[in-house]
Amino acid sequence: MSSTRPGSSTTPAQWQAEQLVALNQAQQIYDQAQQQHGLLAQDTFMRRAGHQHDGAAFAVIFGQYQNWYDGFLGSYLRAQRKFSIAQLLPAHAAPAPLAPPGDWHAVPALQAIPKLARDKRAVFLNEDHTNPETRSLTVALLAPLRAEGFNTFAAETLYRKGIAGLRRRGYATAGTGFYTREPVYAEMVRTALKLGYRVIAYEASDAAHGDAREADEAANLYRRAFVDHPGARLVVNAGFAHIQKHGRYLGGASMAEDFMRLSGIDPLAIEQTMLTGHLRKSYDNPDWRGVFAALHPQQPIVFLDTRGRPWSILPRRYTASVFFPRERIADGRPTWLGLWGLRVPVRVSGDLCKGQFPCLLEARYPGESRAAIPADRVVMHCAAQARALWLRPGAYMLIAVDAANRVIDHATLHARPHMLLPRGTPATAYRAMACHPLMQVFKIRH
């Protein structure tokens with residue numbers, strides 16, 4: 001829950017109590033939404049139900065629920081507008097990498113991290129669950145880490161009961177895990193399976209919370225990754241400070257620290273949540289702001305010293321910190337959906353919706369069932385609207401789905417390798433255009 005209070009007249013105890021009430025209200029709305037058939041119907045239910053409540057605490061808590069749902073629908077800009085976490089400079093932060101004496105130099109994260117992992121048995125990468133950009137690099141790292149010999153992949157909130165079916169199918173469904181309902185997270189799991197990783201679940205039991213959850217997750221991770229496979233090399237995706245190697249967390253030790261104690265393995269811990277851009281610039285970490293102003297990176301970077309050692313914003317907790325570039329928008333979608341070179345943009349319109357709006361366009365891999373989480377999806381509100389789907393080169397089935405989850409129409413879609421990455425426009429300057437037949441559609445520049 002958020003520790004931010006709306007005003008000085010509210011005491012911390014009152015604010016916490018208000019948030020607990022709001023959490024129960026938000027969860028009830030979410031649970032009722034699950035009874036609706038299809039994502040669009042669920043999303044409509046949540047928005048209508050959310051308007052029946054007010055108050056600062058409810059806005060904060062329910063905003064996070066709406067953020068998750070917007071991610072499931074591929075509406076990433078709307079997700080950021082509903083909920084975003086400010087990344088201020090943490091206490092005990094290391095000096096910024098560009099500060100004197102200037103011992104650090106920037107290196108593309110896709111090059112540096114596999115080299116840093118070369119002699120490691122485990123790599124832990126974290127993410128901000130409310131910002132899918134922070135899982136985009138992890139997808140791209142899976143192939144180079146596999147080439148370094150990593151062979152086991154674990155992701156937060158995968159349901160253990162569904163692991164056998166997941167491995168057999170090769171793709172996630174809505175029943176695979178909570179965050180796998182979001183297409184980039186599902187692509188992470190799909191990519192791991194295609195690369196030959198053994199995918200495992202490590203989520204704690206529903207009864208475990210706080211420090212007990214951390215200990216339970218660590219035990220599951222160690223037992224399922226290494227007990228029957230002592231030679232395994234493990235890649236872990238987890239949220240926020242679950243991967244910190246030292247320091248108090250949720251009243252005790254983190255999952256990673258418990259894992260280190262159980263296994264004797266010192267993982268490479270890659271922090272990805274603190275150094276990203278935000279729609280609201282005041283939320284940007286000042287170290288990120290300084291690096292962006294000086295270097296204008298176009299891909300995720302890390303900093304190394306002259307001996308190849310990585311810079312970390314909190315060096316006791318994490319091995320290295322990733323700086324993400326400023327988000328850019330093309331055809332209404334963020335360009336990080338290209339997954340740093342893995343996917344290309346394919347422009348689509350609402351024509352396939354046959355006048356039935358809102359409409360969900362989903363790009364599906366050949367041979368996958370309709371239950372699969374698609375490669376990408378986008379909500380369309382009129383025929384004149386143009387949006388970019390981001391896809392690996394190849395052929396896809398493009399399906400248009402109405403608000404009752406019925407297929408309106410389908411077509412074959414081709415993503416071609418020679419398609420160029422659009423320059424886009426900064427997310428902070430982008431304004432969504434209304435659907436109107438006479439309005440000029442936003443154009444991308446190549």
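Colleague: Why is F62 called buried?

Modeller: F62 has a relative accessible area of 3%. Buried means under 20% relative accessible area, exposed over 50%, and partly exposed in between, with a 1.4 Å probe and protein chains only. So F62 is buried. F58 comes out at 6% relative accessibility and also counts as buried.

Colleague: What do these values rest on?

Modeller: This is a predicted model, where local features need pLDDT of at least 70 and side-chain atom pairs count only at pLDDT 80 or more, while totals for chains, interfaces and linings use all residues. Residues are numbered from 1 along each chain as its sequence is written, and side-chain values use heavy atoms, leaving out hydrogens and water.

Colleague: What makes F58 and F62 a stacked pair?

Modeller: Their rings are 5.0 Å centre to centre, with 15° between the planes. Rings of Phe, Tyr and Trp (its six-membered ring) pair if their centres lie within 6.5 Å; planes under 30 degrees apart count as stacked, over 60 as edge-to-face and the rest as tilted. Both values pass, so the pair is stacked. The structure holds 20 aromatic pairs. One aromatic cluster is formed by Y30, Y65, W68, Y69, F72, F178, Y179 and Y185.

Colleague: How far apart are F58 and F62 in helix α3?

Modeller: They are four residues apart, which means about one helical turn. Helices (H or I, at least four residues) and strands (E, at least two) are DSSP runs, numbered from the N terminus.

Colleague: How are α1 and α3 packed?

Modeller: Helix α1 (residues 12-33) meets helix α3 (residues 56-72) at about 35°, with the axes 8 Å apart. Axes are lines fitted to C-alpha atoms, for helices over the stretch in contact, and angles run from 0 to 180 degrees between N-to-C directions.

Colleague: What makes β2 and β5 partners?

Modeller: Six bridges join β2 to β5 (residues 234-239). Two strands pair if DSSP finds at least two bridges between them, so this pair qualifies. The two run parallel. Strand β6 (residues 268-271) has three bridges to β2, also parallel. V123 has V235 as its bridge partner in β5 and stands opposite L268 in β6.

Colleague: How covered is β2?

Modeller: Six of its six residues, 122-127, are buried. A122, F124 and N126 point one way, and V123, L125 and E127 the other.

Colleague: Why do β13 and β16 count as edges?

Modeller: The open sheet runs β13-β12-β15-β16, with antiparallel pairing. β13 (376-380) and β16 (407-415) each have a single partner strand, so one side of each is left without a neighbour in the sheet. The twist averages 20° from one strand to the next.

Colleague: Where is A363, and is it buried or exposed?

Modeller: A363 is found in β12 (residues 359-364). Its relative accessible area is 0%, so A363 is buried. Beyond its neighbours within four places in sequence, A363 contacts residues including P374, L389 and Y396.

Notes. Contact means heavy atoms within 4.5 Å.
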